[in-house]
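Here is a friendly walk through one protein model, written to be read with the structure open beside you. Please have a look at the chain first, and then follow along from one site to the next.

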Amino acid sequence: MKINMSSLVERLDRRSFLRVSAAFGLAGLAARPTLGIARTKSFANDPFSLGVASGDPSSDGFVLWTRLAPDPLNGGGMKPEPVNVRWEVATDDSMHKIVQQGEAMATADWGHSVHVEVAGLEPNRPYWYRFTAGDAQSPIGRGLTAPRADTAFERLRFSFASCQHYETGYYHAYRDMIAQEQDLIIHLGDYIYEGPAIKGRIRSHIGPEINSLDDYRNRYALYKSDADLKAAHAHCPWLVTWDDHEFDNNYANDHSEEKGIDPVAFLERRARAYQAYYEHMPLRKSQLPSGPNLKLYRSSSFGTLVQFHVLDTRQYRTPQPCGDGNKPLCDEVFSKDATLLGSTQEQWLTDGLSKTNSKWNVLAQQVMMGRVDRNPEEGVAMSMDQWAGYEVPRTRLLSWLRDHQVANPVVLTGDIHSNWVNDLKTNFDDANEPAVATEFVGTSISSGGDGAETRKDTAGVLRDNPFVKFYNCERGYVRCTVTPMQWESDYRVVTSVTQPTFEALSRAKFVVEAGRAGAVRS
């Protein structure tokens, strides 16, 4: 029997959580009877081994996260009963001046993860927090509230990063990041990689390619065992979105890149992957997954200075055209039915942009929007997995930004393990057309191992793509300082991710002046 996957996903959207679970046989997602609450508990090992985090800051609060896991790489090591977890928020880093506190329930159904939505705090200031479970107490983390949406705000300092393959390198970039005084960290995807362990790498995954819910939980636990990553989560709030490797490489909605995959089994696996993602991220209840669906796109404002529109370019997209890969443009690239965001998310985005009063309007998303020819020789090769493979929706969005005169649009991108600065245009073939927006693409934290400042294709890429202002293949992240008059992006790189020692430096800085699209090297 042929299954219409699009209609299947639409049906799933309308089902209740329990009916989804029953339909797919997802025992790990289904509600279970309470076995008794462990209010007082002694732990043989630290239950806060995965650290703490805050996220999605608002003007009066933020999300607090932890997960109880005394045996983190073996399913967490918790018994199935719920555990009462106490949380506290203070105005000082020694936790003497408690201003909010309460209790949350860590249950087996959600991996004994805890998500607390704190509200009622003062805007635009730091707070500190911790958790207590039984006789164990967590490390102290630092959260920050945003300014009120109608408040003038003079400066935001944040960094964005992506692609942290555990096996191919150390997370040195995070150590440098937290030394730079961050108000916010944005992660643009590939937080984990789903592949099997490969011998001979710097660090090792455990087991084959992950599939079960426990597999995904253990993989997140492995990644979160990294001390630099844990420190970065405790340092300040995060805004997170995913890309493909949190589930399966280069997936598109309900389509696998592999042929012959059973469509129902694929959505079962997606449900497990999405649940594990939620369990390990500081996300609100509005992001709670329902079977194989999780609404991750959302907005976050910092006064009248910046509004972030956090996007999801994986869950709703149509399959990559031309058979994926770097290809010449085929007819499918120009399909009017193609989409990266899906119609609902695209409408949400344009509705939000039409109402914004922010000085800077940011799209935090996954795949490069600039239409880059990756073939430095004769001929053309565009990435079919990026916006270049989706000509109609890309042009529609950039034209909308231009026609509606959205104030200072900036696109933040990850995914491709290299640094780029692109002037975005509605017509990339017209060298004289003014830029509509600026795109800052950040390299990987570790994926790909040690990079290089230039590659053999560097000169050709810059020659064939005049809208590209910068192309670099080292490892690191991008640090941004935003004021009402100017946006500065500092491309921070590390000298090595395959060695335990490293140096960090600024490879390049670019500035966008308010009211003038296009980046200038400073």
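The side chain of Thr458 comes to 2.8 Å from the backbone nitrogen of Arg455. That is a polar contact, meaning a pair of N or O atoms within 3.5 Å; within protein, one must be able to donate a hydrogen and the other to accept it, and residues adjacent in sequence count only if both atoms are side-chain atoms. Thr458 belongs to helix α9 (residues 458-464). Helices (H or I, at least four residues) and strands (E, at least two) are DSSP runs, numbered from the N terminus. With a relative accessibility of 8%, Thr458 counts as buried; the label buried stands for under 20% relative accessible area, exposed for over 50%, and partly exposed for what lies in between (1.4 Å probe, protein chains only). Arg374 is 84 residues from Thr458 along the chain, and their C-alpha atoms are separated by 9.7 Å.

A word on where the values come from. This is a predicted model, in which local features need pLDDT of at least 70 and side-chain atom pairs count only at pLDDT 80 or more, while totals for chains, interfaces and linings use all residues. Residues are numbered from 1 along each chain as its sequence is written, and side-chain values use heavy atoms, with hydrogens and water left out.

**Cysteines**

How many disulfides does a search of the whole structure find? The search gives one disulfide, where a disulfide is a pair of cysteine sulfur atoms within 2.5 Å. Its partners are Cys322 and Cys330, with an S to S distance of 1.9 Å. The link of Cys322 and Cys330 is left-handed, at -90 degrees about the S-S bond. Cys163 is in no disulfide, and the nearest cysteine sulfur, that of Cys473, lies 13 Å away. Cys236 is in no disulfide either; for Cys236 the nearest cysteine sulfur belongs to Cys480, 13 Å away.

| Residue | Relative accessibility | Class |
|---|---|---|
| Cys322 | 16% | buried |
| Cys330 | 22% | partly exposed |
| Cys163 | 1% | buried |
| Cys236 | 0% | buried |

**The nonpolar core**

In soluble globular proteins, nonpolar side chains tend to be buried together. Here the largest nonpolar core has 39 residues, and those with the most contacts inside it are Tyr174, Trp238 and Tyr277. Such a core is a set of buried Ala, Val, Leu, Ile, Met, Phe, Trp, Tyr and Cys residues joined through side-chain atoms within 4.5 Å. At least two residues of this core come from each of α3 (172-178), α4 (213-224), α5, β11 (238-240) and α6 (263-279). Helix α6 gives the most, with six residues.

Helix α6 also holds Leu267, which counts as buried at 0% relative accessibility. As for helix α5 (residues 227-235), its buried residues are Asp228, Leu229, Ala232, His233, Ala234 and His235. At the start of α5, a side-chain oxygen of Asp226 comes to within 3.0 Å of the backbone nitrogen of Asp228.

**An enclosed space**

Rolling a probe the size of a water molecule over the atoms shows where empty space is left. A cavity is a set of points, on a 1 Å grid over the protein atoms alone, where a 1.4 Å probe fits but cannot get out; lining residues have an atom within 4 Å of a point. The count comes to one cavity of 30 Å³ or more. The largest cavity has a volume of about 40 Å³, and its lining is made by Thr339, Leu340, Leu341, Glu346, Trp387, Pro393 and Leu397.

One of the lining residues, Thr339, is ten residues from Leu329 in sequence and 16 Å from Leu329 in space, C-alpha to C-alpha. Leu329 sits in the loop between β14 (326-327) and α7 (343-355) and counts as partly exposed at 32% relative accessibility.

**Two histidines with positive phi**

Most residues other than glycine have a negative phi, and most peptide bonds are trans. For His112, phi is positive, near 55 degrees. His112 lies in the loop between β4 (98-106) and β5 (113-118) and is buried, at 4% relative accessibility. His417 has a positive phi of about 60 degrees. The loop between β17 (409-413) and β18 (419-424) holds His417, which counts as partly exposed at 25% relative accessibility.

Note on methods. 1 Å grid on protein atoms, 1.4 Å probe; cavity = no way out; pocket = protein on both sides within 12 Å on 5 of 7 lines; lining within 4 Å. Points joined across faces, edges and corners; volume = space filled by probe spheres on them.
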